[in-house]
Amino acid sequence: MSSARSLSLQARLVCPVASPPIPGGVVEIADGQVVALHDCPQDGTIDLGSAVIVPGLVNTHTHLEFSNLERPLGPPAPFADWIGSVVAERRRRCRREEDSSTAPRLELDPISLGLQECFQSGSSLVADIVTGSLEHVDRRSVIVDALANERLLPFRELIAPTPAGIEATWSAAETSLAELEPDPERRRAGLSPHAPYTVAATLLEQAIARAGRESRPVAMHLAETQEELDLLSRHSGPLVDMLKRIGVWDPSAPAGTRPLDILKRLSVAPRVLVIHGNFLEEDELRFLGNQRHMSLVYCPRTHAYFGHPTHPLRAAIDLGVNVALGTDSRASNPDLNLWEEAKQVASEFPMLPAAVVLQMATANGARALGRSATHGVIAPGRSADLCCIRPGDGSSDPLRAALAPSATVVGAMHAGEWLLAP
């Protein structure tokens, strides 16, 4: 990591997002903030050549607990089997953490690894789903530092498929929230009722009510798989079979439910992230588009890993939905590089303007997380959070070339400090 109190950078293209792109643009930085944007380099300006400079990226959905995995968990289908692999991995992790209390730890904490990977690949803000305790000093220090510097927005995960588990779920959540928020006057964390098949109706209502009282955002996986839709509408399918097998199926939950019904319940919360939405229908997307405080988080490479049908991204954009991007986790993705997600979008939806893809990776994510005042754009007075990309081949348009398959992130800056120097 290196820093400079004053710095002037020039690139082939600077994309502030909040204002038009600047060919041959210059970003002037002082004391960690952007002080000017223009196209007139001076003596001492560092020329980054063909690079494209964009705002620090916003990774709107991660599960950093899996960041030490070398490859995604399998099999990806059927989905219930993949869920089983996730549960098994969590149990292995818990055993390792218990063993570490009496033996030296031989690996870096996955939260530490994940945050480092996100930041060094260009993300300046990360939303993470938190499941465990922060009892390990290294994990606590990394998270507290990221929180203090407004780089991390944690969402405490809530799982209780039946009413019998709700009390224990809230007890664990209270401990986690106290660790995440040492200053009770500054509530930073959100709540994440996991998914329709893991959250009893009472728990969902309690989470939404608490979010309203305490001005917390809510994130929920919804319309992720066809199996989920089968569970909601007909009380059948592999997810129901899995829940019955492990003894947590709640037959009292009403059948005939659609994602739209859950969207309407979630809309009461002050800010909502709908995670995945792979199978949302037009009326559900229209509802989302009419709710300014609700956003859809698309995780393109995770979507591809599971072989889902084409994501309803174009319909969502056309209907006014604020669509942001997330990497999800290394349990379903090879890495946590958000620009690779943007490149995936550009590849799958080649008719989508490059500027729209960039906005999904930056300003839309900041809006989804309630951080539009601090993240997602390059502008004077803002923190100098930058991502530098070496364009690939195939287009004379620098931004489109930055979204080409061969493009790479070569620089990442936070508050005027290089975490990855180009």
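Predicted model: local features only at pLDDT ≥ 70, side-chain atom pairs only at ≥ 80, totals over all residues.
Biologist: Which residue forms a salt bridge with Asp 230?

Modeller: Side chains of opposite charge can pair when their charged atoms come close. Here the closest N and O atoms are 3.0 Å apart. The partner counts as exposed, at 53% relative accessibility, and the residue you asked for is Arg 234.

Biologist: How far apart are the closest N and O atoms of Arg 210 and Glu 214?

Modeller: Arg 210 and Glu 214 lie four residues apart in helix H5 (residues 201-214), which means that about one helical turn separates them. Arg 210 is buried at 10% relative accessible area, and Glu 214 also counts as buried, at 16%. They form a salt bridge, and the distance between their closest N and O atoms is 3.1 Å.

Biologist: What is the N to O distance in the salt bridge of Glu 282 and Arg 286?

Modeller: Both residues belong to helix H9 (residues 282-289), and they are four residues apart, about one turn of the helix. Arg 286 counts as partly exposed, with 37% relative accessibility. The side chains of Glu 282 and Arg 286 meet with an N to O distance of 2.7 Å.

Biologist: How many salt bridges does the structure hold?

Modeller: Some of them share partners: Glu 174, Glu 181, Arg 210, Glu 214 and Arg 216 are joined into one network in this way. The pair of Arg 234 and Asp 230 is another of the salt bridges. For the whole structure, the number of salt bridges is 19.

Biologist: At what angle do H5 and helix H8 pack?

Modeller: The axes of H5 and H8 (residues 259-266) are 10 Å apart. On the H5 side, Ala 201, Leu 204, Glu 205 and Ile 208 make the contact, and on the H8 side Ile 262, Arg 265 and Leu 266 do. By class, this contact has five nonpolar, no polar and two charged residues. The two helices pack at an angle of about 35°.

Biologist: How far apart in space are Asp 39 and Leu 13, C-alpha to C-alpha?

Modeller: Asp 39 is in the loop between strand S6 (33-38) and strand S7 (46-47), and it is partly exposed at 48% relative accessible area. Leaving out residues up to four places away in sequence, Asp 39 touches Ile 22, Pro 23, Gly 24, Gly 25 and Val 26. Asp 39 and Leu 13 are 26 residues apart in sequence, and their C-alpha distance in space is 9.7 Å.

Note on methods
Residues numbered from 1 in each chain as written. Heavy atoms only, no water. Salt bridge = Lys/Arg side-chain N within 4 Å of Asp/Glu carboxyl O. Buried < 20%, exposed > 50% of the residue type's maximum accessible area, 1.4 Å probe, protein only. Contact = heavy atoms within 4.5 Å. Axes fitted to C-alpha atoms, helices over the stretch in contact; angles between N-to-C directions. Nonpolar A, V, L, I, M, F, W, Y, C, P; charged D, E, K, R; others polar.
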